[in-house]
Amino acid sequence: MTSARPAPTGLTSGARRVLQQNWTGSCTVPSPGLYPHQWSWDSAFIAIGSRHISPRRAQRELETLLAAQWGDGRIPHIVFNPAVPPAAYFPGPDFWRSATAGAAAGAPRHTETSGIVQPPVHALACLLVHRADPRSSARHGFLARAYPRLAAWHRYLGRARDLGGGGLVSVVHPWEPGMDNSPCWDAPLARVAPAPPGTFRRADLDHGAASDRPTDLDYGRYVRLAADYRDGGYADHTAGSAFLVEDPGVNALLIASEHALAEIAALLGADAAPHRTRAADLTAALVDRLWDPAAGLFLCRDLHGGGPGRDLRGGGPGRDLPGGGPVRELGAAGLLPLLVPGLPGDIAAALVRTACGDHFGLGRTARLVPSYDLLGPAFDPARYWRGPAWFNVNWLLERGLRLHGEPELADALRTAVLETAVTSGFAEYVDPYTGEARGTHDFSWTAALALDLAVAAGQEP
């Protein structure tokens, strides 16, 4: 048995600095230039790390986000800060028009938000924040106020987003799974007519190299999908989006959060059984619909058609599946079910083998697990979610490895994450082979999750 090395010198002070400079007084922005508003799953990850500095600030982070919840239960992926100039970010509040376009879905009247969602990691974050200081949590009624909102969020996903009819949550936009321009979306996006050039301005290119960001064609498709969803009143139904995908990462995080919600319910004296039942049902559906033994990981399912993707058994072109089918690309989201407590042991073992194999290189060829197949035809070590390694993905995998009895692999990954966070300047994402910084720097969830891993390794926050 090997032991993990201590966190690098300067990690905790650097992480504290990033989180302090990105704190607005009510929430933490991912990056003041590139992402100057509050993002949904970013805030969940940020709270997980900032609980080690100030449990009360971590509580407030999540409370600010939950206060923007819509009447139908959805938690929007962006909560806009009215003090930020409109031109600083696109698409901004003038594009989403949440208070009017989302009125039928119960959008807040006095808080501008987007209309789509992000992965549901919030209940897990709330539970971990509570554990950081149970007395402070109880004194402020943190869990008692969060629980009904979290339960409504999960109900929304279960009732409004089971668009495939198989029990899993579907996403209606590539931004919803959080892995915006993953090659897993290439086939589903190919049917989307992009918004014409000149009808939108990309503010992201003011802060990042074009070679690191999604292409203009991809962005045009994102804008078209978001505009169509908005113009349909943000209604969830199968005719409402040309993009309908069941993503294993989104569903794995929902299962992990459903387990967390069961624990929160028990702490509050509520009935935890429905949450445990829901977690078990989701796990069964995840395995039934998305597990691919030949690939050795979970695949996305395109509900409109499988597309022409790759045949992972023989390396040749895949079949077109007009009734919906798997997207035959290997993305890191397919490894995230390692987070699921009730995952069958043989499947967990297969996921570990895949993570350590040639496609993802854990502990071998890659410094950190990449966002996409190292051997895939679309692999790019620099471009956003098409190959670079992200710190939140690796934090989730480190947690999953420990859950499924792989402490040595988890220790090695934790060490690599901590060292890379420091040497990259808390980068947004990095080259998976070299750890070279990509995207923006002083990124909030990088700092927060590195701090969390450093505390787990025994270093004082």
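A cavity is a set of points on a 1 Å grid over the protein atoms alone where a 1.4 Å probe fits but cannot get out, and a residue counts as lining when it has an atom within 4 Å of a point. Grid points are joined across faces, edges and corners, and a volume is the space filled by probe spheres set on the points.

This is a predicted model, in which local features need pLDDT of at least 70, side-chain atom pairs count only at pLDDT 80 or more, and totals for chains, interfaces and linings use all residues. Residues are numbered from 1 along each chain as its sequence is written, and side-chain values use heavy atoms, with hydrogens and water left out.

**View 1. The second largest cavity has a volume of about 50 Å³.** Its lining is made up of 13 residues, and those closest to its centre are Val117, Gln118, Leu157, Val171 and Val250. Helix H8 (142–160) and strand E3 (170–171) each provide at least two residues of this lining; helices (H or I, at least four residues) and strands (E, at least two) are DSSP runs, numbered from the N terminus. Sorted by type, the lining of the second largest cavity has 9 nonpolar, 2 polar and 2 charged residues. Here Ala, Val, Leu, Ile, Met, Phe, Trp, Tyr, Cys and Pro count as nonpolar, Asp, Glu, Lys and Arg as charged, and the others, Gly among them, as polar.

**View 2. The largest cavity holds about 300 Å³ of space.** Look for Tyr35, Trp39, Tyr89, Asp180 and Tyr384, the closest to its centre of the 25 residues that line it. The lining of the largest cavity divides into 17 nonpolar, 3 polar and 5 charged residues. How many cavities of 30 Å³ or more are there? The count comes to 2.

**View 3. The largest pocket contains about 200 Å³ of space.** Unlike a cavity, a pocket is an open set of points, with protein on both sides within 12 Å along at least five of seven lines. Of its 13 lining residues, Leu124, Ala256, Leu339, Pro341 and Arg399 lie nearest the centre. Helix H6 (122–132), helix H11 (248–267) and helix H14 (391–403) give two or more residues to the lining, and H11 gives the most, with 4 residues. By type, the lining of the largest pocket has 8 nonpolar, 2 polar and 3 charged residues.

**View 4. The second largest pocket has a volume of about 170 Å³.** Phe80, Asn81, Pro82, Pro93 and Glu112 lie nearest its centre, out of 13 lining residues. This lining divides into 7 nonpolar, 4 polar and 2 charged residues.
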